[in-house]
Amino acid sequence: MPATVAIIGRPNVGKSTLFNRLLRREAAITHDRPGVTRDRIYAETDLGGRKVAFVDTGGLEMEEQIEDIQAAIFAQAREAVKESHGILLVMDGREGLTALDERVAAFIRTSNKPVLLAVNKIDGSENADLMLAEFHGLGFPLLAVSASHGHGITTLREQIADFLLADVPEEEDLTAEQGLRIAFLGKPNAGKSSLVNSLTGSDRVIVSPVAGTTRDSVDVTFEVEGKRYTFVDTAGVRKRTKIEDNLEQFSVLRALKASKKAQITVLVLDAQAGMTTQDKKLLSFLEKEKTPFIAVINKMDLVPRDERKVAREHYKKELSIASYAPVTFTSAMTGVGVAELLPMAERLLEECRIRIGTGALNRALRAALGKHQPPVVKRRRAKFYYLTQVETEPPTFVFFVNDPELIKPSYARYLENSLRKLLGITMAPVRVFYKPSHDKKSE
């Protein structure tokens, strides 16, 4: 694993903005409202020729009596400090040193790890010395930065490498693969975080009965029997008409983006709620994008035994729009069915990577055409010349025909289903295109 730096501070001092600036990309949601970051967020970057992982954490309240969600945020930050090699403590230069800053600093001192203090929101050097004066009393090496404008970031990156990580030996393999990347997508409170925790066997992601707890996409890398997986726990996606909070809109966009970047997506559905309108929209999104996915019907333990058969039939019917997608019924709380997920994801990925030779494809094409000829459209019948595969993940095929306009949607579905059966593609989505060609040799 690469050297790790935890970014710690009270709410709204600019930790996530600084996190993005250090990474030179937007990996965390930034917002002028305190408390946006809740789970700890990992991201790697190159720093002085070596891989370094930064961990963005939620703002620490450090009060004696705090709400459950704040307690969970503190637990996540404490775990990040424990896992890190060095700590980047962030404070707000405009507001000056606060009592809460001092409590956070006291907490950090107990870690006995190297600490670098970044005093943020100092945009110019003319007042820097005056604004920094009171922070020197904390006893940490410090420097002035402006995460919003980029002031002092180059120096900060150098100080992190030269001071925080000076005694951390470089790993021989700093580019270890993340393994199979699996995104968890679904509406709020469907049990995505609970599934991640059940699979990893830890409380790696905050789990709360309050809908909307997860706001960022959180990467969790984990090994099972020598195989590495990266789970992406995404923010819950609600109906657009219910997204009045502009912050939540950012979370929704990131959730959909994460599902497109992952190799496999797990669509988590609530067994108690039935297939909702928003679930159907997410299903339609995955089908349209040809995203390889597994439908997981979670919370089956909460469905009365005499109603479970009806619930299974309901979901299988509702998921028929993507009948190829594997479906499994689970309970993250009891662990029932959870063990099936990773082997199923492995098989699905294997199908997505399938590569079929042109000869085998065209034998399958001839078999499909021999069984059911294309219909006559405007006194003309589509003529197929040959079939080829152009991509994998997902498998993508191109039919060369005399006129693509002669292929009716019903016949296109027949060809796709026939190919699936003849080629053994049972779970992966496939893309099919039709291109005009006037002879067998021209593309």
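Trainee: Which strands and which helix do the buried residues of helix 11 pack against?

Mentor: They pack against strand 15 (384–391), strand 16 (396–401) and helix 12 (409–423). Keep in mind that this is a predicted model.

Trainee: OK, and which residues of helix 11 are buried?

Mentor: L361, N362, A364, L365, A368 and L369. These cover an arc of only 155° around the axis, so they sit on the same side of helix 11.

Trainee: What's exposed on the other side?

Mentor: On that other side of helix 11 you'll find R363, R366, G370 and K371 exposed.

Trainee: How far apart are the end C-alpha atoms of helix 11?

Mentor: They're 20 Å apart. Helix 11 runs over residues 358–371, and at 1.5 Å a residue its 14 residues should span 20 Å, so the two values agree.

Trainee: Are strand 15 and strand 16 parallel or antiparallel?

Mentor: Antiparallel, over 6 bridges. If you want a spot to look at, T388 stands opposite V398 in strand 16.

Trainee: What holds strands of a sheet together in general?

Mentor: They pair through backbone hydrogen bonds, in either the parallel or the antiparallel sense.

Trainee: New topic: helix 6. How many of its residues are buried?

Mentor: 8 of its 9, so to speak mostly covered; helix 6 spans residues 192–200. The buried ones are K192, S193, S194, L195, V196, N197, L199 and T200.

Trainee: And what follows helix 6?

Mentor: G201, whose phi is positive, near 70°.

Trainee: Before I set anything up on this model, what's the mean pLDDT of the protein?

Mentor: The mean is 80, and 79% of the residues reach 70 or more.

Trainee: Which elements have the lowest and the highest mean pLDDT?

Mentor: Helix 7 (residues 246–261) has the lowest, at 49, while strand 11 (residues 293–298) has the highest, at 96.

Trainee: Where is the pLDDT below 50, then?

Mentor: One stretch is residues 206–215, which has 35 contacts in the model beyond near neighbours in sequence. Another is residues 236–254, with 42 such contacts.

Methods
Residues are numbered from 1 along each chain as its sequence is written. This is a predicted model: local features need pLDDT of at least 70, side-chain atom pairs count only at pLDDT 80 or more; totals for chains, interfaces and linings use all residues. Side-chain values use heavy atoms; hydrogens and water are left out. Helices (H or I, at least four residues) and strands (E, at least two) are DSSP runs, numbered from the N terminus. The expected span of a helix is 1.5 Å times one less than its number of residues. Buried means under 20% relative accessible area, exposed over 50%, partly exposed in between (1.4 Å probe, protein chains only). The arc is that of the directions from the helix axis to the C-beta atoms. Contact means heavy atoms within 4.5 Å. Two strands pair if DSSP finds at least two bridges between them. pLDDT is the predictor's confidence in each residue, from 0 to 100.
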